[in-house]
Amino acid sequence: MTALVSIKQLKEPDIEWLLRRAQHFVGHQPDGQMRGTVVNLFFEPSTRTALSFQMAAQRLGLTVLDFAIENSSTCKGESLVDTLKTVDALGVNAAVVRHSLDWPELIAGEKLKLSLVNAGSGHYEHPTQALLDALTIKQHFGRFADLKVAIVGDVLHSRVARSDKLLLEQLGAQVSFSGPDRFYPHDLSDCRWVDFDQALAESDVVMVLRVQHERHQGYFDVSDYNRHFGLNSIRLMQMKEDAIILHPGPVNRSVEITDDVLQDHRCKVLQQVTNGVAVRMAVMEWCFQEERREQLVSA
Ligand code: CP
């Protein structure tokens, strides 16, 4: 079965199909005729990704199994690999996995029948978030070519930044990064790192990242963050009038983004959340229905 663990797997026709199918689901309810069982294995907290995967699977007709780490054998020391082998042996068809580590690396070489979908792996990848960001951009601009996208803030710890760069550059957008120098992502070899004010003034899309307190071990003080690197009403005036603001959520209000920015007409944060359900429906179809997908692509 097909799995989606990295944006690197997707060629342009795949991306085109996923975005087209997701856009279809924005306006249409599916027939709910898909059959199969999905488990959401979230080893890190989540609201929007976990709930939207659950809604997506239910709308398609799939059965969704509950898994809560605190009630699972993870508490007895079971490894991720053994948990995956267990749900595979139970006959589960797909596992949606979020983990603080680069979990696809951990399971490389394991023979599993079930499909795997990456719902976030350490600071490495979050492919379905990138797809829903791309859908939100496409709904507004109708294209990616020549668009300037600035991804600003805690880039160092952001899997969203890495997946978005891979996806949006493949689609023809120009991606820059900005933020405090200590959040410079040294692992990104071709990173265009620009001054924050320049990024705001030149960009069509400003993607504000969450300051990821849980990965800082308490070393990062945010008391002056908004003044220097946050989006606020003063910085809104520096942006292009037709630019849009994205944020993967959850937001730290008054840190990377202020209340008034969240209410601005250019802010698409809740549209991103809505698009998340549609994108994850398309991704689940992708994983479950290879034959049907081929029919849909050629239709
Ligand atoms: N954007 C995102 O991954 O949010 P959650 O952590 O709430 O799933």
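**The ligand and its surroundings**

In this predicted model, the ligand is surrounded by nine residues that can be picked out one by one: Ser46, Thr47, Arg48, Thr49, Arg98, His126, Gln129, Pro248 and Gly249.

Some members of the shell can be followed down to single atom pairs. An oxygen atom of the ligand is found 2.9 Å from a backbone N or O atom of Thr47. On the side of the ligand's nitrogen atoms, Gln129 takes part through its side chain, where an N or O atom lies 3.1 Å from a nitrogen atom of the ligand. Pro248 takes part through its backbone instead, with a polar atom 2.8 Å from a ligand nitrogen atom. Taken alone, the ligand exposes 250 Å², and the protein buries 91% of that area.

Attention now turns to another residue, Arg235. This arginine is found in helix 9, which covers residues 233–236. Is Arg235 buried or exposed? Its relative accessibility is 9%, and because buried means under 20%, Arg235 counts as buried. Leaving aside residues up to four places away in sequence, Arg235 touches Phe196, Asp197, Leu200, Asn226, Arg227, His228, Phe229 and Gly230. With Arg227 there is also a polar pairing to look at: a polar atom in the side chain of Arg235 lies 2.7 Å from the backbone oxygen of Arg227.

Note on methods:
Residues are numbered from 1 along each chain as its sequence is written. This is a predicted model: local features need pLDDT of at least 70, side-chain atom pairs count only at pLDDT 80 or more; totals for chains, interfaces and linings use all residues. Side-chain values use heavy atoms; hydrogens and water are left out. A residue is near a molecule or strand if one of its heavy atoms lies within 4 Å of it. A polar contact is a pair of N or O atoms within 3.5 Å; within protein, one must be able to donate a hydrogen and the other to accept it, and residues adjacent in sequence count only if both atoms are side-chain atoms. Accessible areas come from the Shrake-Rupley method with a 1.4 Å probe; for residues, only the protein chains shown count as cover. Helices (H or I, at least four residues) and strands (E, at least two) are DSSP runs, numbered from the N terminus. Buried means under 20% relative accessible area, exposed over 50%, partly exposed in between (1.4 Å probe, protein chains only). Contact means heavy atoms within 4.5 Å.
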